[in-house]
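Here are my notes for you, written as numbered points. Keep the structure open while you read and find each element as it comes up.

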Amino acid sequence: MFRTLSIIIFLATFLGIGICCLIFPCSKECRWGPLAILRRAMRIFTMLFLEQKLSLVGALRKLVYLLALLCFLVLAITSFYPVLVLKEPIHGYWLMLHATFAPVFAICLAVLAVMWAGNCRFNRNDWPWLTRIIERVTLAKRVGDEPSDTAPGLGRKITFWLIVVLALPLILSIISSMFLLFGTYWQELLLDIHRYTALAFAIVAIVYTYLMIRAKMRE
Amino acid sequence: MKKGLIATVILILSALVLPAFAGTDSSGRSPSQPEEKLLGDESDGSRAVPIHLIPMYPENEDGEKGFKIAGDDDILLPFSTRWTCGACHSYATVSKGWHFNAVDANAAPGRPGQPWILVDASTGTQIPLSYRPWPQAFKPEQVGLTPRQFTKLFGRHTPGGGAGELESKNPDEFMREFISGKLEINCLACHNPNPEQDQAGYAIQIARENFRWAAAASCEFASMSGSAIDMPETYDPFMPMPLNDPKKTPPGVSYRKDAFDEDNWVFFDITRKVPNERCYFCHSNMDAGSDSPERWAADEDVHLTAGLKCVDCHRNGVEHNIIRGYEGEEFISANLLAATSSCEGCHTMGRLGAPLLKHAHAGIPPVHFDKLSCTACHSGPWPGEKTIQTKTSRAHSLGIAGINKSPEVLPHILSVVFAKQSNGKIAPHKMFWPAFWGTIKEEKVTPIDLEVVRKTVRNILAKQRLPRSGDWRVFTTEHIAEGLNLLQKKIEGKAVYVSAGKLYQIDNEGELTAAEHDAAKPYMWPIAHDVRPAAQSLGVRRCEDCHATDAPFFFGAVAVDSPIVSERDSSKEMVGFQESDRFYAWAFAFSFVFRPWLKVIALGCCGIIGGVILLYALRALACIVKLLAGRS
């Protein structure tokens, strides 16, 4: 069941991203010729490089993000490829690679959570309709400066917090199984939790990355 | 018109009568009709054991039921279990049971088990034999053993029946067979709880070829004298005549005077629940290493310590289709309890008070249950750096007076070896390295008749004494080459010698070559007992019980046993028997060094992430609280 569900969800996600690209292109002059696509791909690739205007903290943040992206790729491939393509559970060198990159990914997630949480705070510009309702109901007055234009959009904020929240059960489900706490029944349950959380995490991470690329290309 | 009427009547009568005879067996019974059940074949529901005060019947000279045995008979014949026990319990049904059906080509062989091991140190032979079609085991006739010779060699540790009841096709054995009789199923070997039931005595009678007398001689109310093996071929056991040679005593049985009541009926002490000691006679084993504890210092199987008997798990009905208890047996066995009498069967249902698995195995990832059998962690001796030599009842004649108790006595059985079974799971095994002379044709190796080998090869090492320890003689590759050259002149096909996992043969240049070959692979059979308690199972201390770079489970040394001197001190790594990548096993084990760090890092990161979530969740809560309080 997990395999079928994963395939359906992944296909739906990529399909959704593809449709979004078509309906809402990054720029008005979006072209689909091979040269245009190549140029766009090169531009996405150069986004991986450190920008000269970044501060030390900014550079560190970007490096941690790139490392997290790499770890995510490895973890996603090592976990989903055997299950979806080979139709067998993770074992052997797949498992060893997965277990090697997992703690690195966990560290990156923790650093990114600390570094980006501030920027990804929700504010009144994210929910204008909610702000209007609250002002009418509570008669509260608007106080404070307008948020910066460089803050991430609502979509990225939501996906960021989803990633942070999903990271907890994702890590805890597999780490707690390594202690002498849970018997076979709970071990199987924890493994299922890890699987399905990983699926949700992967989808959210893909969407986040897509939104990040869109935002950078618009800049 | 009359003729037509007569013909019609005949036709009608034929139509009525003929179908009754169509499709019937020799007894006139239709094959679809079940065999008639005797008095003792079906239970009336009472758990009490009926009193077996019964008449005894022998087998007569025609192989049929003789006259009732009386205590004052002039010629006392041994009782026959077929005609005595068989009066109430269908002998034919019982003979299809697991302990007796090895010779039945239709019997499902099931999981390969311990074979009979034919040993001849003078020719460097230890070869697995079985009538069951188990892989790597040879049929006794392939080494020149007739059923009678097989019975004489190995019937000592059987409950009779099987090969002991096959009629010989060797004309030289016809007369001996008449004298010895057949080795019938000995019901008392299992079902007699009386402490005077003498299975060691049974083995002695078989060695003396007293097959007909063996069952009676081993029970508590009869005794035996004489040997059939000493009798001339003209001897008639039913009309015994005095012999000229006073040193030769004809086989004869005598019964206790008080065994018979006034009707010449005899009380048989019978139990349904076979005592463990009866099973132990054929199913004991001991570690023969120098550091191995003595019997009294070793713990019994945890199930027995908990109060269970062997037959609480290994059950059967009148058909004696005994449960062997391995995973997957229910797909082969017709026994109703096969599925629920395996490890998983009892420990998932809580049968017989078994602790449940549901909340057990704390901290063990479920993948272990896909890759390992239950016995991998719970059975057999705790694995050491090197395999140890083990003795078993059937291989080493344990329990019989006068056997060689030396730890080095052949055959050399090694344990514990963790190897992959046919179902893909790793399980503990006992094993031994076959050594025998054979012929090879199209990569298939067939053993040579042992008598031919003895006559040809024995002289090569004739000057060497057989060690008192029962160990191998000292073979060298020169001896092997000489033996192969001698055999090549006497046999058809190409002569080879198998030993230590290799196949030795003389190449076209006349040189001795050795190469690994499938026929030389070790013969292995899974260990089920003794089961250790949970607190002594593998992995109970830490994962590194198995996942360490020096853990015996993967990297233990499996000794290579061989009569050839140059091969004797070699060994193979355990991981080679698990069809596993050695480097992966090592790397995975090495990664466990960092496992505590992984736990600390992961928990630390979870703490940080949790802190971030908590911080911003509290800030969001603060915001909501302010709004609801009417503040800006």
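1. Start with the open sheet of five strands in chain B, which runs in the order β7-β8-β9-β10-β16 with antiparallel pairing. At its edges stand β7 (285-287) and β16 (523-526) of chain B; each has a single partner strand, so one side of each is left without a neighbour in the sheet. If you ignore direction, neighbouring strands here are turned by 45° against each other on average. Bear in mind throughout that this is a predicted model.

2. Strand β9 (residues 413-420) of chain B and strand β10 (residues 426-432) of chain B run antiparallel and are joined by five bridges. Two pairs to look for: F418(B) sits opposite P428(B) in β10(B), and A419(B) has A427(B) as its bridge partner. Which residue in the hairpin of β9(B) and β10(B) takes a positive phi? It is G424(B), with a value near 90°, and the hairpin has five residues between the strands.

3. On its other pairing, β10(B) runs antiparallel to β16(B), with four bridges joining them. Here F432(B) stands opposite Y523(B) in β16(B).

4. Is β10(B) mostly covered or mostly open? Mostly covered: seven of its seven residues are buried.

5. T439(B) finds its bridge partner, A495(B), in β13(B).

6. Next, a helix. In helix α16 (residues 450-457) of chain B, the buried residues are L450(B), V453(B), T456(B) and V457(B). Seen down the axis of α16(B), they fall within an arc of 130°, so they line one face of the helix. The spacing is worth a thought: an α-helix has 3.6 residues a turn, so residues three or four places apart point the same way. What do the buried residues of α16(B) pack against? They pack against β2, β3, β11 (436-441) and α17 (477-488) of chain B.

7. Two of those packing partners make a hairpin of their own. Strand β2 (residues 116-120) of chain B runs antiparallel to strand β3 (residues 125-129) of chain B, and five bridges join them. L118(B) stands opposite I127(B) in β3(B). Four residues lie between the two strands, and G124(B) in the turn has a positive phi of about 65°.

8. Over to chain A, which has seven helices and zero strands. Of its 219 residues, 20% are buried. Among contacts in chain A with a separation of 6 or more, 73% come from residues 24 or more positions apart.

9. Pick out helix α1 (residues 2-23) and helix α7 (residues 184-218) of chain A: their axes come within 11 Å and cross at roughly 10°. That crossing makes α1(A) roughly parallel to α7(A). Residues that meet there include F2(A) and I9(A) in α1(A), and L199(A) and Y210(A) in α7(A).

10. Finally, where do the chains touch? In total, 38 residues of chain A are in contact with 32 residues of chain B. On the chain A side, α4 (92-116), α5 (128-138), α6 (154-176) and α7 each supply at least two residues. The most comes from α4(A), with 11 residues.

Definitions and conventions: Residues are numbered from 1 along each chain as its sequence is written. Chains are lettered from A and ligands numbered from 1 in the order in which they are written. This is a predicted model: local features need pLDDT of at least 70, side-chain atom pairs count only at pLDDT 80 or more; totals for chains, interfaces and linings use all residues. Two strands pair if DSSP finds at least two bridges between them. A residue is buried if 20 or more other C-beta atoms lie within 10 Å of its own, exposed if 12 or fewer, and partly exposed in between; C-beta atoms are placed from the backbone. Two residues are in contact if their C-beta atoms, placed from the backbone, lie within 7 Å. The arc is that of the directions from the helix axis to the C-beta atoms. Axes are lines fitted to C-alpha atoms, for helices over the stretch in contact, and angles run from 0 to 180 degrees between N-to-C directions. Angles under 35 degrees count as roughly parallel, over 145 as roughly antiparallel, 65 to 115 as roughly perpendicular and the rest as oblique.
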